[in-house]
Structures are given as structure tokens and as C-alpha cells.
Amino acid sequence: MKKVIRKIGDILLILMIVFLAWFIYNYKMYIVISGSMEPTIRTKELIVVKKHTAPYKIGDVISYYDHNYDIPITHRIVEYNDSNNSYITKGDNNNVNDKLVLEEKDIIGKVVFQSYKLGTLILKYEIPFIIFTGSMILICLLILIIKCIRDQL
């Protein structure tokens, strides 16, 4: 019975590692630092952006990299131009559209999850994303290594 439980544990651990690797490759996480999308997305809110989810449509909340400010911006698509496949965005709390005209290559992805509680928790304890994600992977790998060593003894 112990061997069956160990095998199930090993399989679950491997699945968790695969899921974390897949998540890191396909998603990005940000904490919102401005109120331009309030009340839809609040300041300090953690957002998860699914990368490369084209085609995008009017109404989608997307993140894109603004090279003028050297930061990612998260705003809603308000216009689409068929002739040159470009997008215009606007923060829900802003009075005017963004000046930057976006092409699909400029867009990081579409917001698929948001959590104010997780965002404030990460900020409260000043946990950098890379440390948070990396520690999860290291813990999984460490458990897997320990299990392999145990099985060899």
C-alpha cells in the first residue's frame, strides 16, 4: 500500500512541476500600480495575463509593453482598425484613448485572472514574483529528489 501511495505522490509531484513550467511559459503576472483601470482592476491587484491570445476584440482587457515608459500597461481595447490590424486602448478610469497604436506583436496578452487579496499579500511581504515562482519549483524538485533517494535506499 505504501508503494502505491508513493507512486501516486510522485505522479502528482511531476504533474505539479509540469503545470508550473507550463504556467510560467504561457502566463505573466503583474501587480497593478495605477488607478487607470478602476473600478474594473484596482491598484495593488494581482493580474494574470495569458500570453499570445490573439485575435483580440473590442472590450478585451490586455497588457502591452509601452517602450516610452519602459513598463507594461493594462488597458481595454476600445477600437480596432481592420485595414492595418491595429488596436487603440483606454483605461476604464481615463477620459481619453491612449495615444499609442498597437499591433498584435506589441500585445503581451489578455487578462484572465485578477485578485486584490493576492496582490496586497505579495506587496505586504514584498515577495518578488521570481522568488515566489522559483521557490515553488525548487520545493517541488527537492521533494522529487528526496523521494528518488528514498526509493534507492
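Modeller: Two strands pair if DSSP finds at least two bridges between them. Keep that in mind for what follows, and remember that this is a predicted model.

Colleague: What makes strand 3 and strand 4 a pair?

Modeller: The cut-off is at least two bridges, and strand 3 (residues 61–66) and strand 4 (residues 71–81) have 6 bridges between them, in the antiparallel sense. So they pair by that rule. For one of the contacts along the way, take valine 61: its bridge partner in strand 4 is arginine 76.

Colleague: Where do these strands sit in the sheet order?

Modeller: The sheet is open, with 7 strands in the order 1-2-7-3-4-5-6 and antiparallel pairing.

Colleague: Why are strand 1 and strand 6 called edge strands?

Modeller: Strand 1 (27–31) and strand 6 (102–103) each pair on one side only.

Colleague: And which strands does helix 2 lie across?

Modeller: Helix 2 (residues 116–124) lies across strand 1, strand 2 (46–51) and strand 7 (107–115), and runs at about 95° to strand 7.

Colleague: On to charges. How do you know that lysine 57 and aspartate 60 form a salt bridge?

Modeller: The rule wants a side-chain nitrogen of Lys or Arg within 4 Å of a carboxyl oxygen of Asp or Glu. For lysine 57 and aspartate 60 the closest N and O atoms are 3.6 Å apart, so the pair qualifies.

Colleague: What makes aspartate 60 buried or exposed?

Modeller: Buried means under 20% relative accessible area. Aspartate 60 has 7%, so it is buried.

Colleague: Which other lysine meets aspartate 60 in a salt bridge?

Modeller: Lysine 110, at 3.5 Å from N to O. That pair links distant parts of the chain: lysine 110 is in strand 7, aspartate 60 is in the loop between strand 2 and strand 3, and they are 50 residues apart. Lysine 110 has 25% relative accessibility, so it counts as partly exposed.

Colleague: How many salt bridges does the rule give in total?

Modeller: The count comes to 5.

Note on methods: Residues numbered from 1 in each chain as written. Predicted model: local features only at pLDDT ≥ 70, side-chain atom pairs only at ≥ 80, totals over all residues. Heavy atoms only, no water. Helix = DSSP H or I, 4+ residues; strand = E, 2+ residues; numbered from the N terminus. Contact = heavy atoms within 4.5 Å. Axes fitted to C-alpha atoms, helices over the stretch in contact; angles between N-to-C directions. Buried < 20%, exposed > 50% of the residue type's maximum accessible area, 1.4 Å probe, protein only.
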